[in-house]
Amino acid sequence: MIEAANRLQTVEEYYFSKKLREVSLLIASGKPIINLGIGSPDLQPPQRVVEAIKEGLLDPSAHKYQSYQGLPELREAITGFYKTHFSVSLSSSTEVLPLMGSKEGIMHISMAYLNEGDAVLIPNPGYPTYQSVTKLVGATPVFYELDEANNWLPDFNALEQLDLSKVKLMWVNYPHMPTGAKSNTHLFEKLVAFGKRHNILIVNDNPYSFILNDDPKSILSVAGAKDVCLELNSLSKTFNMAGWRVGMVVGDSKHINNILKVKSNMDSGMFYGIQKGAIEALKCSEMWFVTLNSVYARRRDLVWQLADALNCTYDKNAMGLFVWAKLPGDLKAEAYIDSVLKNNHIFITPGTIFGSKGEGYIRFSLCASNEVLEEAIKRIK
Ligand SMILES: Cc1ncc(COP(=O)(O)O)c(C=O)c1O
């Protein structure tokens, strides 16, 4: 018997990987399942992105190994994007590293900074990968609780009372998934000060800035942030390119170099055509964002109607690719979504997969067409 490594005992198969198998079986057995679970954009990327990858395929250098740091034009497009949208200045040669998605960056950063026994601050509720990667590298998750009463923002008094002596890294994710809580400059200033005070690397995971948000922000816009902060960003949601696997980490060159040490030992560069497409995406004008958000705004209206039909409550000021809704009474999230799946053939994500603070909440994805959402409403009504 060849045993798997001990580290595998610290994690479970990803919830969606398991649950979507169950959903697929239901579909295969003829059930008309509506999937409002996962945030995989169903809309198309900008047309010029598709043209760029097609042209890229014909370039004689397309099939070679690519630079570990990405094409210089891609790094310049990333710095241009940060300047245009966040007013953040970055050096394209030293402060930017393209990644194959921001999920991958969570592993790279953890491998670059965490030793066994280090502690990591992780939001509850929050993206499950922060916790699983922390465990995979032998570090210890320390959860900081987010609460609806505090608009899902960190409670700094509670943070200060934690034993921070072993904490090396803190994951933050504003705009926040799953709750849709917004980022704000004051919050980012407090996080930077917290990181400096305790010598903690603060990483803002920022893939939802451009979805239903009229004021995108970067933590790096705070003065002095580069000393203790990194930011992850992604083309997955902003440009409907989740399957392309393009993201980035930006920050001070000393951090970027540490991450590059890990990354250059793990992959051998991003496919040329994908980089060419990503460059075009990053150069999109304001029109792209306006058009994209008009589609999501209509869908969100419909999801609100669906949530109303289910007697849930939600925050109309929240943003991002999901609607985070509170179940009526003290209903339990997993039992509830199982019953909606069984009785109405609609799959919704239970809040508990994001941590114990997600109990009593469910998350609807906006990655479904108006027609599908109208059908879902009909089924509930
Ligand atoms: C909070 C958060 N971070 C990171 C990711 C990963 O995105 P990417 O496609 O860039 O790997 C997701 C994807 O759902 C997410 O919700």
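A polar contact is taken here as a pair of N or O atoms within 3.5 Å; within protein, one atom must be able to donate a hydrogen and the other to accept it, and residues adjacent in sequence count only if both atoms are side-chain atoms. The structure is a predicted model, in which local features need pLDDT of at least 70 and side-chain atom pairs count only at pLDDT 80 or more, while totals for chains, interfaces and linings use all residues. Residues are numbered from 1 along each chain as its sequence is written, and side-chain values use heavy atoms, with hydrogens and water left out.

On the side chain of Asp205, an N or O atom is found 2.5 Å from a nitrogen atom of the ligand. Of the 400 Å² of accessible area that the ligand has on its own, the protein covers 91% (Shrake-Rupley method, 1.4 Å probe).

The shell around the ligand holds 14 residues, the closest being Asp205, Tyr208, Ser234, Ser236 and Arg245 (a residue counts if one of its heavy atoms lies within 4 Å). By class, this shell divides into 5 nonpolar, 5 polar and 4 charged residues; Asp, Glu, Lys and Arg count as charged, Ala, Val, Leu, Ile, Met, Phe, Trp, Tyr, Cys and Pro as nonpolar, and the others, Gly among them, as polar.

Turning to the whole chain, the fold contains 12 helices and 12 strands (DSSP runs of H or I with at least four residues, and of E with at least two, numbered from the N terminus). The C-alpha atoms fill a box of roughly 55 × 55 × 55 Å along the principal axes.

Some loops carry backbone details worth a look. The peptide bond from Asn124 to Pro125 is cis, with omega near 5°, and Pro125 sits in the loop between β3 (119-124) and α5 (128-136). Another cis peptide bond runs from Tyr174 to Pro175, with omega near 0°; Pro175 belongs to the loop between β5 (167-172) and α7 (185-198). Asn311, although not a glycine, has a positive phi of about 60°, and its place is in the loop between α10 (286-309) and β9 (313-314).
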